[in-house]
Amino acid sequence: MENYYEYLKSLHLIFIITWFAGLFYIVRLFVYQIEASQKPSPEKEILQAQYKIMTYRLWYIITWPSAVLASIFAFWMLFFTPQGNFWLQQSWMHVKLGFVFALYLYHLKCHQIFKQLQNDEVKHTSNFMRLWNEGATIILFAVVFLVILKNAVNWIFGVIGIILFSVIIMLGFKFYKRIRERNQN
């Protein structure tokens, strides 16, 4: 019966992967939806209708169910297995749970943006969405470093690395934006 923990961990990891895949892709679709809103008719209406269908299916068939199932399996591992009690006493786990909370906030903000775009409300630019897309990446890096290193001090080096990675992403984004603007002119 000891192996059931490994099954729970495997299922948790599978749904974490699909959750992140959904978060990465949904924001990319937001970029396309926002850019489609700036196209002339009838291209605008055709693209917007297609993106609404795509985001709806991704959000409600993959991303939300994955978030819920990943959470259920995590809760099960932490509170109903002997190993979970051990993990909850570790300081690195407390930091990891803080990042998981940030992931939930990120997910809920994506839900808000999803609802706005489904109602044809464009409140953000495509450039904002490109930067927003990196939020999940930063959280993913932090959690992976914490889980692998399992040390409340060593995770600081991981977070410093994440900050440096974020700076590189921002610089890359600005560089990419300049290239796109030059190509449009």
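Modeller: Isoleucine 160 lies in helix α6, which covers residues 154–184; helices here are DSSP runs of H or I with at least four residues, strands are runs of E with at least two, and both are numbered from the N terminus. The model is a predicted one, in which local features need pLDDT of at least 70 and side-chain atom pairs count only at pLDDT 80 or more, while totals for chains, interfaces and linings use all residues. Residues are numbered from 1 along each chain as its sequence is written, and side-chain values use heavy atoms, with hydrogens and water left out.

Isoleucine 160 counts as partly exposed because its relative accessibility is 43%, where buried means under 20% relative accessible area, exposed means over 50%, and partly exposed is what falls in between, for a 1.4 Å probe and protein chains only. Its C-alpha atom is separated by 31 Å from that of phenylalanine 114, a residue 46 places away along the chain.

The other helix to follow is α5, residues 126–149, where threonine 137 has its place. Helix α5 has 24 residues and reaches 36 Å from its first C-alpha to its last, close to the 34 Å expected at 1.5 Å a residue; the expected span is 1.5 Å times one less than the number of residues. Just after α5, lysine 150 takes a positive phi of about 45°.

Which residues of α5 are buried? They are Ser126, Met129, Arg130, Asn133, Glu134, Ala136, Thr137, Ile139, Ala142, Val143 and Leu146. Threonine 137 belongs in that list because its relative accessibility is 14%. Leaving aside residues up to four places away in sequence, threonine 137 touches Phe24 and Phe165, a contact being heavy atoms within 4.5 Å.

Helices α5 and α6 come together again around an open space. Each supplies at least two residues of the lining of the second largest pocket, and α6 gives the largest share, four residues. The terms here rest on a 1 Å grid over the protein atoms alone: a cavity is a set of points where a 1.4 Å probe fits but cannot get out, a pocket is an open set with protein on both sides within 12 Å along at least five of seven lines, and lining residues have an atom within 4 Å of a point. The second largest pocket holds about 150 Å³ of space, a volume being the space filled by probe spheres set on the points, which are joined across faces, edges and corners.

Lining this pocket are Glu35, Gln38, Ser126, Asn127, Arg130, Lys177, Arg180, Glu181 and Gln184. By class, there are no nonpolar, four polar and five charged residues among them; Ala, Val, Leu, Ile, Met, Phe, Trp, Tyr, Cys and Pro count as nonpolar, Asp, Glu, Lys and Arg as charged, and the others, Gly among them, as polar.

Side chains of opposite charge can pair when their charged atoms come close. A salt bridge is a side-chain nitrogen of Lys or Arg within 4 Å of a carboxyl oxygen of Asp or Glu, and by this rule the count comes to five. In one of them glutamate 35 pairs with arginine 130, their closest N and O atoms being 2.8 Å apart. This pair links distant parts of the chain, with glutamate 35 in helix α1 and arginine 130 in helix α5, 95 residues apart. Arginine 130 counts as buried because its relative accessibility is 7%.

Glutamate 35 also meets arginine 180 in a salt bridge, at 3.2 Å from N to O. Glutamate 35 is in helix α1 and arginine 180 in helix α6, so this pair ties together parts that are 145 residues apart in sequence. Arginine 180 is partly exposed, with a relative accessible area of 23%.

Another salt bridge joins lysine 123 and glutamate 121, with the closest N and O atoms 3.7 Å apart. Lysine 123 is exposed at 56% relative accessible area, whereas glutamate 121 counts as partly exposed at 34%. Through salt bridges that share partners, Glu35, Arg130 and Arg180 are joined into one network.
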